[in-house]
Amino acid sequence: MFEVPVDHPDVRQPAAEGAVGVDRNVGQATDSTGAVHEIPDTTVEDAKIKRYQRRMARQQKGSNRRRRTGGKLRKLQRRKARRRDNATHQISRKVADTAHTVVLEDLNTKAMTKSAKGTVEKPGRNVKQKAGLNRAILASGWGQLERKFEYKAGELRFVDPAYTSQACSRCGHTAKSNRPSQAVFACGACGFRANADHNAAINILVQAGLPPAPVPARGTGAAARRGALPPWSVARPTTGTPATREPDMRGVHHRI
């Protein structure tokens, strides 16, 4: 195994300019141009894996049946891992082709997926629901995306994730009530409405203080004409608002 220099002629180079913010969520990632990148659903594989695990638990150790079941189980697990790896490769490549710099939230995935069981003296709450969320986060490949952006993008930056999902990317108003549902962002101050993940991705980009990448044309004809894109496709800084004024870059990590 050897390393290939990033300036090698056979290595595909990222976009020459521009920046894009990426909001990682369960089952998908949304960037600030409005593109939604889905992680493949592994519900079928998960159900089969559980079935084979239960079957193995009933079978005698060292038996031929147990070995055959173990082989099928490992095959399913490898298939699930390959699908996720392939998806994160494609997503990272598309985003790197869109912009030179990729901006992510500085998420502590390890802490976010920590068990909620607690202790005997202080048992946790909603343990089953938290376990399901942990599995969904890990299956979404957040860490894989981050590692692939590190070598595919021209530059990778991280910003503070605080309030990116509650702040309005248009006027800067920040409140929990701006999220009437998981999927919808509706500003209580200016009335701006957008997909919640898209709004968060724009806020992530604005926090880094970088110019946005060009928004790709959506289709041809009338769909690609000027004005056909939604008004939130590109961040529009407004002087003096909390979410859009010049950011404090002291807490931002720069990774190339």
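Trainee: How do the axes of helix α2 and helix α5 lie: how many Å apart do they come, and at what angle do they cross?

Mentor: Good place to start, and keep in mind that this is a predicted model. The axes of α2 (residues 64-98) and α5 (residues 142-152) come within 9 Å, with a crossing of roughly 40°.

Trainee: Why are α2 and α5 called oblique to each other?

Mentor: Set the angle against the cut-offs. Roughly parallel needs an angle under 35 degrees, and roughly perpendicular needs 65 to 115. The crossing is at roughly 40°, and therefore α2 and α5 count as oblique. In handedness, the crossing of α2 past α5 is right-handed.

Trainee: Which residues make that contact?

Mentor: On the α2 side they include Arg-84, Thr-88, Ile-91 and Val-95, while α5 brings Leu-145, Lys-148 and Phe-149, among others. Sorted by class, the α2 contact with α5 has six nonpolar, four polar and five charged residues.

Trainee: Which residues of α1 and α2 meet?

Mentor: From α1, Glu-45, Ile-49, Tyr-52 and Met-56 are among them, and from α2 you will find Leu-73, Leu-76 and Arg-83, among others. The classes in the contact of α1 with α2 come to six nonpolar, four polar and nine charged residues.

Trainee: How many aromatic pairs are there?

Mentor: The count is one aromatic pair, formed by Phe-185 and Phe-192.

Trainee: What makes the pair of Phe-185 and Phe-192 count as tilted?

Mentor: Two values settle that. The ring centres are 6.4 Å apart, and a pair needs centres within 6.5 Å.

Trainee: How do you know whether Phe-185 and Phe-192 are buried or exposed?

Mentor: Buried means under 20% relative accessible area. Phe-185 has 0%, so Phe-185 is buried. Phe-192 has 5%, so Phe-192 counts as buried too. Across the chain of 256 residues, 37% count as buried.

Trainee: Why is Lys-94 called partly exposed?

Mentor: Lys-94 lies in helix α2 and has a relative accessible area of 49%. Buried is under 20% and exposed is over 50%, so Lys-94 falls in between, as partly exposed. Lys-94 is also 57 residues from His-37 in sequence, with their C-alpha atoms 9.1 Å apart in space.

Trainee: And what makes Tyr-163 exposed?

Mentor: The relative accessible area of Tyr-163 is 55%, and exposed means over 50%, so Tyr-163 is exposed. You will find Tyr-163 in the loop between β5 (155-159) and β6 (184-186). Its phi is near 65°, a positive value in a residue other than glycine.

Trainee: How many helices and strands does the chain have?

Mentor: There are six helices and eight strands. Starting at the N terminus, the order is β-β-β-α-α-β-α-α-α-β-β-β-α-β. Of the contacts between residues at least 6 apart in sequence, 67% join residues at least 24 apart.

Methods:
Residues numbered from 1 in each chain as written. Predicted model: local features only at pLDDT ≥ 70, side-chain atom pairs only at ≥ 80, totals over all residues. Heavy atoms only, no water. Axes fitted to C-alpha atoms, helices over the stretch in contact; angles between N-to-C directions. Helix = DSSP H or I, 4+ residues; strand = E, 2+ residues; numbered from the N terminus. Parallel < 35°, antiparallel > 145°, perpendicular 65-115°, else oblique. Left-handed = near helix turned anticlockwise from the far one by under 90°. Contact = heavy atoms within 4.5 Å. Nonpolar A, V, L, I, M, F, W, Y, C, P; charged D, E, K, R; others polar. Phe/Tyr/Trp six-rings, centres within 6.5 Å; stacked < 30°, edge-to-face > 60°. Buried < 20%, exposed > 50% of the residue type's maximum accessible area, 1.4 Å probe, protein only.
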